[in-house]
Amino acid sequence: MRPLEQTQREFFAALQMPLRGRSRNSTDLAPSVEGHSPEFLAKAESLMKAGSNLLPAEQLELYHRQYWFRLLDSIAEDFPTLRKIAGEGTFWALMEAYVCACPSASFTLRHLGRRLADFTAEWEEIDATRRRWFAALARLEYAHMEIFEAAEWEAVPPEQLASVELGLQPHVVLLELPVPADLCMDWDKFMPEAEALTHLAVWRNESGNSAQCRIDPIEFVLLSRLRQGSSLAALFAEPTAREPSPEEVAGWFANWQNRRWIALAPTAETENFPVVSQRSGGDIDWSRVDKMGSQARAMED
Amino acid sequence: MSASRFTGGVELATGIGLRSPHYRHILSEKPTVDWFEIISENYMVEGGRPLEVLDMILEQYRVVQHGVGLYPGNCDGIDRDHLKRLKRLVKRTKTPWISDHLCWGSIDGSMSHDLLPIPFTFEAARKTAANLRMVQDFLEVPLAMENVSSYGEFNDSEMTEWEFLAEVCELADVGILLDVNNIYVSSINNVFEPLDYVNFVPPERVAQIHIAGHSRYERFIVDTHDHPVVDPVWKLYERAIERCGPVATLLEWDGRIPSFDEVWTEARKSETWRESALAKKGTDAAA
């Protein structure tokens, strides 16, 4: 009898093997007529007991296909614009390569795409231009996922701005992208424009929906300092590449405050019980809450 | 309803799984439901929509936490960060007990996000029980383990699934969440008599029962939670109640989710089966 650890390592290795045959053809991955690899069949014979109903390979395959179905369904849901821009063939080839190279490392499938931007930037199956655009778009779409569940701190009242340590709301994500990937949201297909360093903020607005806007490069630097925690005076202590005008700074601060971006870091006590703004239940889209479940996906026999 | 040390002394009747298509109805119509079960992992976050809706539900309803990612059968132990997140959620929900699955699911930090079967060996039972003891000590709330649907059996198994469930729960001194649909699914896939399973489970440990629907294929069943409960599962439920008493019962419906009213009507069918089971039990006791 093999030790538990060996059983689990062999079983998990089988799950991670590429989908083949009918299971593969039940997904959007490029179809294949190949059956199971000899390695998969050997693992199945070694691990699973032949039953009167299901052969060892059939038993292992029921787990194998559910592993892939669950991950592919989830990640496709999280990167709809990348899917549209990359096109079906490229998107699914990228997802298969990504899931093979970067298995989930979190308790929730919401984090499955965490490494997709970095992986895409190095994926050699597409040209360098597409790598830059697709990686930037993956980073942007993942930011929308991050802010969905990020904490919300108390906003700083205007009268306290000069007297307390300031922080940036955790649900504000700052992005410095090599291309204007936000334009992709309006495209029907990949049509790259001039590449330019682009600064974006993605955040959760007062109604709980995700929002994004472009920000000035200096604004990006100041908000990055705010993220580290800073007094108002220290925010401007170090020089920036360009000296912003007082009107610019006043405009930025007004926006940040209107959007509740300037916040007080929580005390140890409140950190254990995150603040949640109560909002009306009217037209809120709750659909992304249920990312995890115990059910299997229906399938072809 | 029965109260035991595995439910924290709390008695609950019929509940349903809290799912996002029903949030709006629940928040606006405030239907009378004894309790909701939540999937812990959907709310183990720092903020945003998940905690927002949870807080609104908690203002009006009792919530019991049910997890899908504890993986007590993992050979490399329990993830401490996962436990810390879970405990923080326990403080928020004040769940009377917490449940998860008797399974494994990750190795070296790579997650399957599935409820993978444990080989029914004495080594696995000892390791799983040791993990569960640590979890229960850390969470400080009664813990119940659910039997999973399975699609195969290991060559290495040294006992039946029901013997393994009982062995682990006795060794760890935890409760059982008996999923009678999972028993039925596994009994078809692995070919055994499902009543043998129900009749073996230590009734005093059963804190909760799950019922659900499934998808039947030519040679196997998949636990899809996307249909009404079938009669053979109701019969297993009736027998389980006969043995365990009026245990808290929850309907899971996770795929092709119908209206709230349809799900709730299906869940309430359990009350008829429960009454008939308790009547049988009373008759048997009198005889």
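Predicted model: local features only at pLDDT ≥ 70, side-chain atom pairs only at ≥ 80, totals over all residues.
Turning to chain B, the reader can follow a closed barrel of eight strands, which runs in the order 1-2-3-4-7-8-9-12 with parallel pairing. Within this sheet, neighbouring strands are turned against each other by 30 degrees on average, when direction is ignored. One of the pairings can be traced in detail: strand 1 of chain B, residues 14-17, runs parallel to strand 2 of chain B, residues 35-39, and is joined to strand 2 by three bridges. Here Gly17(B) stands opposite Glu37(B), a residue of strand 2 of chain B.

Helices lie across the strands of chain B as well. Helix 6 of chain B, made of residues 180-190, lies across strand 7 (143-146), strand 8 (175-179) and strand 9 (206-212), and runs at about 60 degrees to strand 8 of chain B. Helix 8 of chain B, made of residues 231-244, lies across strand 8, strand 9 and strand 12 (248-252), and runs at about 170 degrees to strand 9 of chain B.

In chain A, a helix pair comes next. Helix 1 of chain A (residues 4-15) packs with helix 3 of chain A (residues 38-47) at an angle of about 145 degrees, their axes being 10 Å apart, and the crossing of these two helices is left-handed. From helix 1 of chain A, the residues Thr7(A), Glu10(A), Phe11(A), Ala13(A) and Ala14(A) meet Phe40(A), Lys43(A), Ser46(A) and Leu47(A) of helix 3 of chain A.

The last stop is Ser74(A), which has its place in helix 4 of chain A, residues 56-78. Is Ser74(A) buried or exposed? Ser74(A) counts as buried because its relative accessibility is 5%, and the cut-off for buried is under 20%. When residues up to four places away in sequence are not counted, Ser74(A) touches Leu109(A) and Lys291(A).

How values were computed:
Residues numbered from 1 in each chain as written. Chains lettered and ligands numbered in written order. Heavy atoms only, no water. Axes fitted to C-alpha atoms, helices over the stretch in contact; angles between N-to-C directions. Helix = DSSP H or I, 4+ residues; strand = E, 2+ residues; numbered from the N terminus. Left-handed = near helix turned anticlockwise from the far one by under 90°. Contact = heavy atoms within 4.5 Å. Pairing = 2+ DSSP bridges. Buried < 20%, exposed > 50% of the residue type's maximum accessible area, 1.4 Å probe, protein only.
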